Amino acid sequence: MSPSEVADAVDRACAPRPAAPPVYARPPSKVRDDTVRPPLPGQVVDTVFFILATAAAVWLAWRLLDDAWHHTSWSLPLLVPFWLLVAYLVLPRLQTLLTSVYVPGYFIARTRTSDGLLGDPVNLAVDGTARQIHVAMTACGWVLADDITLRSSWGIVASSVFRRSYPAAPVSSLHLFGRRQCLAYQQEVEGNAARRHHVRFWRCPDGWLLPGGHRVQWLGAGTYDRAVGLSLFTLQVTHKIDADIDVERDYIVDSILFHVPEATVQVLENFSTGYHHRNGGGDVIRTDGDLPVVELGAVPVPGASVAELPVGVVRAARGYDDPQAEGGVASGDADRPADDTPPVPGDLPRPVALTAGVALVGLSVLVLLVLAVRDLVDGVDLDEFAGLEQSEVVPAVIALAVFIGVVYGAMGVLAVLTFLGYARPRVWLLAMAVVSTVSTECGRVTTDAEVDTFLGGYPVLAVNVLIMLLLTSAATRTWSRRTALDRRRRRAARHAGAGAEP
């Protein structure tokens, strides 16, 4: 070997070798959005029926507007349900369809409304447990907001109209990580629910990092309600917020630092670009883009039992489980009360929309069955409209009665199975509602008979549309799919356990 070849061999031997890829003892802690919110089966079918229900609601709204325009005597009575239908059903559904296409589904430091519109900015972060947040907020004079129910909804309407106090008035649902808020607090101003400070908190998923690599346990959005008005995007009655949301953010942080000496704060400057925009209600918002991170880890927590803690705090401490969330049960706090029972994935609260939809199906079946029996008892004159012989009337009546019993009985069975959480019966109910709507409207359009404006198909159309809207709501379809999936998983686990037995 020549001296030059020897030198080359020595250089190759001494050259630095590329580092071997690191071997992780566990997967990296950074998570992706699709692991935070895994999709559930049946979304394509639900999307189809969601679009059909939206189209039926638009058709009903068009009929109301057309009759209000051409029949002056019915203008005012028809305009009120037209506004209710458009503001609370049609426009939110159209917004949901549109925003699912163009609004980003990943974290951009903005919450989303239940319709998918961009909501209030995320302007606050917290490190601590749910009980530490509750201790800190109550020390500052904030009140845990009630859940949204029929009673609480009526309470905030009455308090806003009559200027009465409602310290625990509910706040509307905003979504982050595919979930509505875990905790919400508020402070009334001058005993008037129309004006209030309020803040929502969401638990961050395990392993999730803020842009830039920071890790926090909770994110919050604090705003100030200055009045009650109409939403610019949906025409719904809602609270209007003050544009300077940074003032409300600083008020929340300063209140905690003043009343809770154990709390500290670190500000992530320029967390997002300072900007001005509009929230889901159309209100102007302005922010400088800073994100204060409030540290509550040193805040002492009294050893209260579950019975002594508010339900909302216990629910958030053990891992808030939102029936409308795709991802299932969230992780809980490390200091969850010792006597608290962790949530069971299969035991999800049944949505009010599903209960109302099933009840409406049952009521419709009962009314239609009574009307059919009445017609059969009174005699339907089958020999006149069908050209039947007298001897053929009785068999035809019996056949018609059997057919009615089978159809309405099947609808009743499907309604019960839907209420129990089976996914396919709900799909069949929706299909029957679509067929009923199309057949009724085709018969109305093709007939030459003059039909009364109010009774001309409105009850049947309105009931069918309402059933479709209730059974395709976000809460109903997600709860139904999750419950069916949990049932299949438990069944598979039982079969696996039975197969493992000797």
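1. The model is predicted: local features need pLDDT of at least 70, side-chain atom pairs count only at pLDDT 80 or more, and totals for chains, interfaces and linings use all residues. Residues are numbered from 1 along each chain as its sequence is written, and side-chain values use heavy atoms, with hydrogens and water left out.

2. Ala263 lies in the loop between helix H7 (245–259) and strand E11 (264–268); helices (H or I, at least four residues) and strands (E, at least two) are DSSP runs, numbered from the N terminus. Ala263 is buried, at a relative accessible area of 8%, where buried means under 20% (1.4 Å probe, protein chains only). Leaving aside residues up to four places away in sequence, Ala263 touches Ile256, Leu257, Glu295 and Leu296, contact being heavy atoms within 4.5 Å. From Ala263 to Leu296 the C-alpha distance is 5.1 Å, across 33 residues of sequence.

3. Helix H5 (residues 130–139) is mostly covered, with seven of its 10 residues buried. Among them are Arg131, Gln132 and His134.

4. The axes of helix H3 (residues 43–70) and helix H13 (residues 458–471) come within 9 Å and cross at roughly 145°. Axes are lines fitted to C-alpha atoms, for helices over the stretch in contact, and angles run from 0 to 180 degrees between N-to-C directions. The contact includes Trp59 and Leu60 of H3 and Tyr458 and Leu461 of H13.

Key. Buried < 20%, exposed > 50% of the residue type's maximum accessible area, 1.4 Å probe, protein only.
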